[in-house]
Amino acid sequence: MQFDSNDTQYLQDILARLLATPSPSGMTDAVVRLVCEELDNLGVKYELTRRGAIRATLPGKEKLPARAVIAHLDTLGALVKGIRPNGRLEVVPIGFWSSRFAEGARVVIHSDHGVAHHGTILPLKASGHTYNKEIDTQPCEWTQLEVRLDARTANAAETRTLGINVGDTINIDPGTVFAPNGFINSRHLDDKAGVAAILTMIRAVMQKRITPEVDCFALFTISEEVGVGASHVLHGDVAEMVSVDNGTIAPGQYTCEYGVTIAMQDSSGPFDWHLTRHLLAICAEQKIEHSRDVFRFYRSDAAAALEAGNDLRTALICFALDASHGYERTHIDSLLALSQLLAHYVESPPLFKRDRAAIGPLADFPPADAQLGQGTEDVL
Ligand SMILES: [Zn+2]
């Protein structure tokens with residue numbers, strides 16, 4: 001399946017809409033609605049869990065062994081921890097990210113009943129003319145930050161009168177910029193770029209009237225950044241699950257900046273041998289630029305599915321992301337490569353028919369030499 005400029009345009013458009021819709025963990029209803037509307041437009045059926053995780057279905061020639069591709073809709077964010085005597089807000093992070101990247105961020109505080117206020121996250125010592133060199137020596141911690149509200153308030157009571165409360169959700173302005181040469185700068189590319197890549201694959205499959213070999217579910221979760229990930233209700237019958245998330249660009253990493261990175265292991269252990277190599281083989285056959293990498297401080301939706309007690313084959317495929325959980329940047333070519341890999345994956349036959357059931361016969365269980373090989377050394 002070849003992609004063209006329409007697919008590129010769609011990917012950019014849907015990504016821009018996703019990034020413009022705030023969705024820190026715990027405040028994901030709007031982005032769930034956006035994705036559901038998009039699935040309606042594409043003619044894809046879906047169901048929701050109580051809290052809004054989405055399971056969309058691409059019906060296959062056969063139902064089992066079913067597959068899933070999965071990405072998360074929630075992002076990092078912050079929360080009002082307290083109201084300071086000067087009327088400004090103490091903040092704590094939602095998800096795991098450094099306060100270093102919060103300094104200077106424009107924010108919207110989302111309070112009860114749809115009340116929203118704008119502001120800026122600042123270090124406690126923010127004025128050069130007052131603090132001089134103390135600005136550079138103050139610690140870099142969340143407790144050293146406050147939100148300056150764009151509202152007339154000089155004390156805690158006045159801030160409360162605005163309708164702001166402890167526990168209100170703070171969305172960080174993503175500062176999205178699509179450059180003409182394909183670079184995309186924005187916060188929250190993790191994992192909205194992954195969501196956009198999956199939706200682009202779905203659109204291509206629907207428009208080109210491709211019937212997947214087996215049922216394929218597209219799962220969109222809502223609490224990955226706080227460690228929950230895929231819930232059991234989403235993937236009851238799934239035998240193979242491919243997580244779509246970011247691959248970090250950093251010294252010592254092998255992330256493919258303009259292509260796909262196949263993760264071989266993350267904090268939760270090695271990914272499925274056969275599924276991982278199946279994806280690598282598709283990349284090689286289809287000439288999709290790619291690399292392999294290992295992540296140390298990383299946990300994806302797939303890990304949550306395994307920890308929930310499911311026996312399924314999992315893999316993690318990544319778009320390139322520079323400065324993850326900070327000032328993130330990716331490239332459109334990396335996202336397109338990811339979409340193409342997903343499309344070819346959906347078209348490919350299932351790995352093992354015996355995977356239809358959780359428990360089955362030896363039948364087409366993989367042969368030993370698929371992993372062990374023969375070697376060349378004489379054994380006495
Ligand atoms: Zn992520």
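Okay, one term before we start: I'll say two residues touch, or are in contact, if their C-beta atoms, placed from the backbone, lie within 7 Å. This is a predicted model, so local features need pLDDT of at least 70, side-chain atom pairs count only at pLDDT 80 or more, and totals for chains, interfaces and linings use all residues. Residues are numbered from 1 along each chain as its sequence is written.

Let's start with Cys-283. It touches Val-260, Ile-288, His-290 and Leu-341, leaving out residues up to four places away in sequence. Cys-283 sits in helix α7, residues 273-285; helices (H or I, at least four residues) and strands (E, at least two) are DSSP runs, numbered from the N terminus. Is Cys-283 buried or exposed? Buried, because 23 other C-beta atoms lie within 10 Å; the cut-offs are 20 or more for buried, 12 or fewer for exposed, and partly exposed in between, again with C-beta atoms placed from the backbone. Also, Ile-262 is 21 residues away from Cys-283 in sequence, with 9.7 Å between their C-alpha atoms.

Next up, helix α9, residues 332-347. Here 13 of the 16 residues are buried, so to speak mostly covered. Its end C-alpha atoms are 23 Å apart, which agrees with the 22 Å that 16 residues should span at 1.5 Å a residue; the expected span is 1.5 Å times one less than the number of residues.

Last, the strands, which pair if DSSP finds at least two bridges between them. β9 (residues 169-172) pairs antiparallel with β4 (residues 77-83) over two bridges, and Ala-78 stands opposite Ile-170. β9 also pairs antiparallel with β6, residues 106-110, over four bridges, where Val-108 partners Asn-171.
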